[in-house]
Amino acid sequence: MKKIMLSLLLALSVAAGASASQTTMHEEGERFKFDYPVFSQTSAKAAHRMNKDITKLLQNSRKLLQDEYIAQVATGYEVYFENPQYVSFTFNSYQYYQSAAHGMSYLQGYVYDKTSGKKVPYTHFTAPLDAEQLKQDILNKKVTVYCQDLKTTSDAPFLPYNTDFKVSENYVLDKDGKALYLIYQAYELDCYAAGPLFVKIPLTQKL
């Protein structure tokens with residue numbers, strides 16, 4: 001079990017890369033390992049807004065430790081895109097229950113305006129999407145669905161049975177700044193092994 005836990009924690013390791021706008025912080029204890037960003041911007045108010053959101057995410061992860069049936073809690077993040085105006089990253093929180101077959105992770109995507117520190121909705125970069133149309137486009141393979149490695153594709157086999165499908169507001173910008181990825185959690189579109197899925201949507205606004 002220790003080997004399994006180590007592998008899971010390593011999977012959450014920071015892949016953020018060097019950047020002047022964020023510093024990686026690390027906290028580790030007997031049942032937890034937290035890696036998270038602390039942002040610094042020209043505007044102290046903007047940085048405060050962003051860091052306040054990160055603090056809330058960490059508080060939620062720390063609360064999980066109050067459950068004695070949870071063996072491990074971990075967080076990690078990865079910066080996907082950054083330019084002078086925007087920074088986009090994913091924040092992954094993971095929990096592993098005692099004697100469970102596997103843990104559960106929840107992947108959240110964030111896009112911030114670095115000047116204001118405010119989160120930017122996906123509609124800032126592309127036209128609003130219709131849920132039913134997006135569903136049909138995925139099923140007809142007009143829209144590509146990727147696993148978290150952004151290389152392996154998924155046929156989204158659970159989608160036909162998802163009667164409550166919605167356009168996710170959880171997203172990140174692509175590394176090249178030409179598309180965005182709507183993020184769906186495990187079981188929403190595919191099985192647990194596929195992990196969080198990324199639905200690629202081209203941008204209509206240049207970054």
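1. Two strands are taken as paired if DSSP finds at least two bridges between them. Helices (H or I, at least four residues) and strands (E, at least two) are DSSP runs, numbered from the N terminus. By that rule, strand 2 (residues 32-39) runs parallel to strand 3, with three bridges joining them. F32 has V73 in strand 3 as its bridge partner.

2. A note on the basis. This is a predicted model: local features need pLDDT of at least 70, side-chain atom pairs count only at pLDDT 80 or more, and totals for chains, interfaces and linings use all residues. Residues are numbered from 1 along each chain as its sequence is written, and side-chain values use heavy atoms, with hydrogens and water left out.

3. The protein has three helices and nine strands. Their order along the sequence is α-β-β-α-β-β-β-α-β-β-β-β.

4. Strand 3 spans residues 70-82 and is mostly covered. Of its 13 residues, 11 are buried, meaning under 20% relative accessible area (1.4 Å probe, protein chains only). For the protein, 48% of the 207 residues count as buried.

5. For 207 residues a compact globule would come near 17 Å, and the protein agrees because its value is 17 Å. The C-alpha trace spans about 45 × 45 × 25 Å along its principal axes.

6. Contacts (heavy atoms within 4.5 Å) are next. Among those between residues at least 6 apart in sequence, 59% join residues at least 24 apart.

Definitions and conventions: Rg over C-alpha atoms; globule rule 2.2 N^0.38 Å. Buried < 20%, exposed > 50% of the residue type's maximum accessible area, 1.4 Å probe, protein only.
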